[in-house]
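Please look over the sequence and the structure shown below.

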Amino acid sequence: MAGKKFRGMSKSLSFTAPGSPIANDNETVIGITVGVVQTEKATAAVGELATFHKRGLFEGTALSTDVWAFGDQLYWDQGNTRWTDQQAAGLYAAGKAAAPKANGETTALVDIDNAHTAVEV
């Protein structure tokens with residue numbers, strides 16, 4: 001049978017930093033996929049190699065007024081560089097709450113899954 005064959009699950013990939021430097025350990029969007037960038041230095045300069053983690057558990061910045069329960073759908077707000085449970089135009093549905101989050105907390109545990117292909121809502 002000819003055709004494409006399953007090659008395995010892809011949780012991260014290596015890439016060359018595009019048109020602007022990318023800070024280490026920060027969430028970002030590449031195409032329509034949300035992920036966390038890791039580099040050997042504080043910042044990957046244009047043309048330098050970095051790793052883009054598109055699945056996994058990460059501690060991320062969160063909207064302080066949000067209250068989440070485990071498993072709530074989360075949205076990445078690239079403009080404000082934070083996670084929220086508030087659906088709005090221009091946000092990416094790309095993760096789930098991996099732990100409850102209380103009002104006033106500015107960081108939270110996020111399971112980035114890109115299960116919805118991070119389509120802007």
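## Aromatic pairs

The count of aromatic pairs comes to two, where the rings of Phe, Tyr and Trp (its six-membered ring) pair if their centres lie within 6.5 Å, and planes under 30 degrees apart count as stacked, over 60 as edge-to-face and the rest as tilted. Phe15 and Phe52 form an edge-to-face pair, with 6.1 Å from centre to centre and 80° between the planes. This pair links distant parts of the chain, since Phe15 lies in strand S1 (residues 12–16) and Phe52 in strand S6 (residues 49–53), 37 residues apart. Strands here (E, at least two residues) and helices (H or I, at least four) are DSSP runs, numbered from the N terminus. Phe15 is buried, with a relative accessible area of 12%, and Phe52 is buried at 3%. Buried means under 20% relative accessible area, exposed over 50% and partly exposed in between, with a 1.4 Å probe and protein chains only.

The rings of Trp76 and Trp83 have centres 5.3 Å apart and planes at 55°, so this pair is tilted. Trp76 has a relative accessibility of 0% and counts as buried; Trp83 is also buried, at 0%.

## Basis of the model

This is a predicted model, in which local features need pLDDT of at least 70 and side-chain atom pairs count only at pLDDT 80 or more, while totals for chains, interfaces and linings use all residues. Residues are numbered from 1 along each chain as its sequence is written, and side-chain values use heavy atoms, with hydrogens and water left out.

## The protein as a whole

The secondary structure comes to zero helices and eleven strands. Of the 121 residues in the protein, 35% are buried. The protein exposes about 7,100 Å², and carbon and sulfur atoms supply 52% of that area; accessible areas come from the Shrake-Rupley method with a 1.4 Å probe, and for residues only the protein chains shown count as cover.

Among the contacts in the protein with a separation of 6 or more, 52% are between residues 24 or more positions apart. Contact means heavy atoms within 4.5 Å.

## The four-stranded sheet

Strands of a sheet pair through backbone hydrogen bonds, either parallel or antiparallel. Here an open sheet of four strands has the order S1-S6-S4-S3, with antiparallel pairing; two strands pair if DSSP finds at least two bridges between them. Its edge strands are S1 and strand S3 (26–30), each of which pairs on one side only. Neighbouring strands of the sheet are turned by 40° against each other on average, direction ignored. Axes are lines fitted to C-alpha atoms, for helices over the stretch in contact, and angles run from 0 to 180 degrees between N-to-C directions.

Strand S4 (residues 33–38) pairs with S6 in the antiparallel sense over three bridges. Val37 has Phe52 in S6 as its bridge partner. Leaving out residues up to four places away in sequence, Thr28 touches Thr33, Val34, Gly35, Val37, Phe52 and Gln78.

## Strand S10 and its partners

Strand S10 (residues 92–97) has five of its six residues buried, so it is largely enclosed by the rest of the structure. S10 pairs with S8 in the antiparallel sense over four bridges, and Trp76 has Tyr92 in S10 as its bridge partner. S10 and S11 also run antiparallel, joined by three bridges. Ala97 is bridged to Val110 in S11.

Ala62 lies in the loop between strand S7 (56–61) and strand S8 (73–77), and is buried at 5% relative accessibility. The C-alpha atoms of Ala62 and Ala108 are separated by 6.2 Å, although the two residues are 46 apart along the chain. Beyond four places in sequence, the residues that Ala62 touches include Trp68, Trp83, Lys101 and Ala108. Lys101 in turn lies over the face of Trp68, at 5.8 Å from the ring centre; a charge sits over a ring if NZ of Lys or CZ of Arg is within 6 Å of the ring centre and within 35 degrees of the ring normal.

Asp113 is in the segment after strand S11 (107–112). Asp113 is buried, with a relative accessible area of 12%. Not counting residues up to four places away in sequence, Asp113 touches Lys54, Arg55, Ala94, Gly95 and Lys96.
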